[in-house]
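Open your viewer and keep the selection panel handy. We will go from stop to stop, picking a few residues each time and looking at what surrounds them.

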Amino acid sequence: MIKVKKRKILLLPGDGIGPEVIAEVKKIINWLNKNRSLDFEIDEDLVGGAAYDKHGTPITDEVFYKALESEAVILGAVGGPKWDNLDFSKKPERALLKLRKELKLFANLRPAICFKQLVEASSLKPEIVSGLDIMIVRELTGGIYFGEPRGIKPIDNGERKGINTHTYTTSEIERVSRVAFDLAKKRNNKVTSCEKSNVMEAGQLWREEVQAIHDKEFKEVELEHMLADNCAMQLLRNPKQFDVIVTDNLFGDILSDEAAMLTGSLGLLPSASLGAKDKNGNMRSMYEPVHGSAPDIAGKGIANPIATILSFSMALKYSLNLDKESKELDAAVQKILDDGLRTKDICSKGNKEVSTKDVGDAIIACLQN
Ligand code: NAD
């Protein structure tokens, strides 16, 4: 068999159910290497609480440099009660923030897809969510979570004042808008840009710059502007009106969680965080499930690995240029849901309850066929 590609992938399982769900991705990568003439080079290391226990820090420099040199980082989840009382700088979550910030992962992609097999799990009526397929692009490294000045300081009358600054520059808005327009071109060709331009100058700038990039580079894509509070309502009223939503860090944090919940299941939701493309078209990237480390079910072999497997599928598509393999993997996930194979979190009457490992094996069996 001729080996045609060599791709470096860094797996960071992390804590709780992280190692269990990443193990299933590893199985799939090994299967692809063997059966699809691919040559993924896998490295695996500690992050989060597991790294703190061994090295006294949530991410070592060595792991950070490995991430810098990888084409894609696939992360499980970090955190858990064991590390809740650590000093802020040592908390497992600091590893995630460092990776996102230092790899300059400015665009967070959160698909909200309502699988037809799980339509009953949504809190909305089936006809409103069935077939839902939205992509939320959240700006991830700017805005009010990073703006200066910030802090809590005493003021004259004996009270205290909390300060955060919402700030965006033209280039920050342009680069995340380009990601959204490029995605829309491969989907249903529509972008909805959300801000609060009615009450915030930074929102007004956001609207103007998105419109300018559209007019200059993406005239063929439909663009609409929507106030973020209206978007929150429209997501509940008629979510299928959206294709790609692009918004800032704060509104994106909230709207992407709201959209995720329309789909009804945390165990199925993937995400991607992307950086800028270099002159060869390559970019830094990290893929992770939306869920956390689920300490309540860790070690029981019942975690749903699909969110992490779909995150890997996004890596195949966006970082590794393997669209066909990504589609095959998505189809295999659909097939096992059709077949009624479910982990406990999404299992209902008439389904067969299976383990984390069974899900990985069943997906590989589908790929095989
Ligand atoms: P969580 O997502 O870990 O769990 C919420 C609920 O969903 C739990 O009942 C859990 O059992 C269930 N659940 C989550 N993922 C599942 C899966 N794949 N299969 C089956 N059931 C699943 O959120 P939490 O309980 O708020 O947080 C637990 C820990 O995870 C905390 O330490 C938190 O800080 C951390 N966390 C990490 C990330 C991350 O690494 N990106 C994200 C969120 C929370």
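**Ground rules**

You are looking at a predicted model, in which local features need pLDDT of at least 70 and side-chain atom pairs count only at pLDDT 80 or more, while totals for chains, interfaces and linings use all residues. Residues are numbered from 1 along each chain as its sequence is written, and side-chain values use heavy atoms, with hydrogens and water left out.

**Stop 1: helices H11 and H12**

Select residues 323-338 for helix H11 and residues 356-368 for helix H12. Helices here are DSSP runs (H or I, at least four residues), as are strands (E, at least two), and both are numbered from the N terminus. Two packed helices are described by the angle between their axes and the distance between the axes. For H11 and H12 the angle is about 120° and the axes are 9 Å apart. The axes are lines fitted to C-alpha atoms, for helices over the stretch in contact, and angles run from 0 to 180 degrees between N-to-C directions. H11 and H12 are therefore oblique to each other. On this scale, angles under 35 degrees count as roughly parallel, over 145 as roughly antiparallel, 65 to 115 as roughly perpendicular and the rest as oblique.

Now show side chains: on H11 the contact uses Glu328, Leu329, Ala332, Val333, Lys335 and Ile336, and on H12 it uses Val359, Ala362, Ile363, Cys366 and Leu367. Contact means heavy atoms within 4.5 Å. Coloured by class, the H11 contact with H12 has nine nonpolar, no polar and two charged residues. The nonpolar class holds Ala, Val, Leu, Ile, Met, Phe, Trp, Tyr, Cys and Pro, the charged class Asp, Glu, Lys and Arg, and the polar class the others, Gly among them.

**Stop 2: helices H1 and H12**

H1 passes H12 in a right-handed crossing. From H1, bring up Glu20, Glu24, Lys27, Ile28, Trp31 and Asn35; their partners on H12 are Thr356, Lys357, Gly360, Asp361, Ile363, Ile364, Leu367 and Gln368. What is the class make-up of the contact of H1 with H12? There are five nonpolar, four polar and five charged residues in it.

**Stop 3: glutamine 117**

Next, select glutamine 117, in the loop between strand E4 (107-113) and helix H5 (126-129). Is glutamine 117 buried or exposed? At 18% relative accessibility, glutamine 117 counts as buried; buried means under 20% relative accessible area, exposed over 50%, and partly exposed in between (1.4 Å probe, protein chains only). Draw two distances from its side chain: a polar contact of 3.0 Å to the side chain of glutamine 334, and another of 2.7 Å to the side chain of aspartate 338. A polar contact is a pair of N or O atoms within 3.5 Å; within protein, one must be able to donate a hydrogen and the other to accept it, and residues adjacent in sequence count only if both atoms are side-chain atoms. Leaving aside neighbours within four places in sequence, glutamine 117 is in contact with Gln334, Leu337, Asp338 and Arg342.

**Stop 4: serine 70**

Go to the loop between helix H3 (61-69) and strand E3 (72-77), where serine 70 lies. Serine 70 is buried, with a relative accessible area of 11%. A polar atom of its side chain lies 2.7 Å from the backbone oxygen of lysine 66. Not counting residues up to four places away in sequence, serine 70 touches Lys8 and Leu10.

**Stop 5: along helix H6**

Select alanine 180 in helix H6. Alanine 180 is buried, at 0% relative accessible area, and it touches Val137, Val191, Val244 and Val246, not counting residues up to four places away in sequence. Aspartate 182 is also in H6 (residues 170-185), and at 34% relative accessibility aspartate 182 counts as partly exposed.

**Stop 6: backbone details**

Finish with the backbone. The peptide bond from glutamate 148 to proline 149 is cis, with omega near 0°. Serine 37 has a positive phi of about 55° although it is not a glycine, and sits in the loop between helix H1 (18-35) and strand E2 (40-44).

Key. Left-handed = near helix turned anticlockwise from the far one by under 90°.
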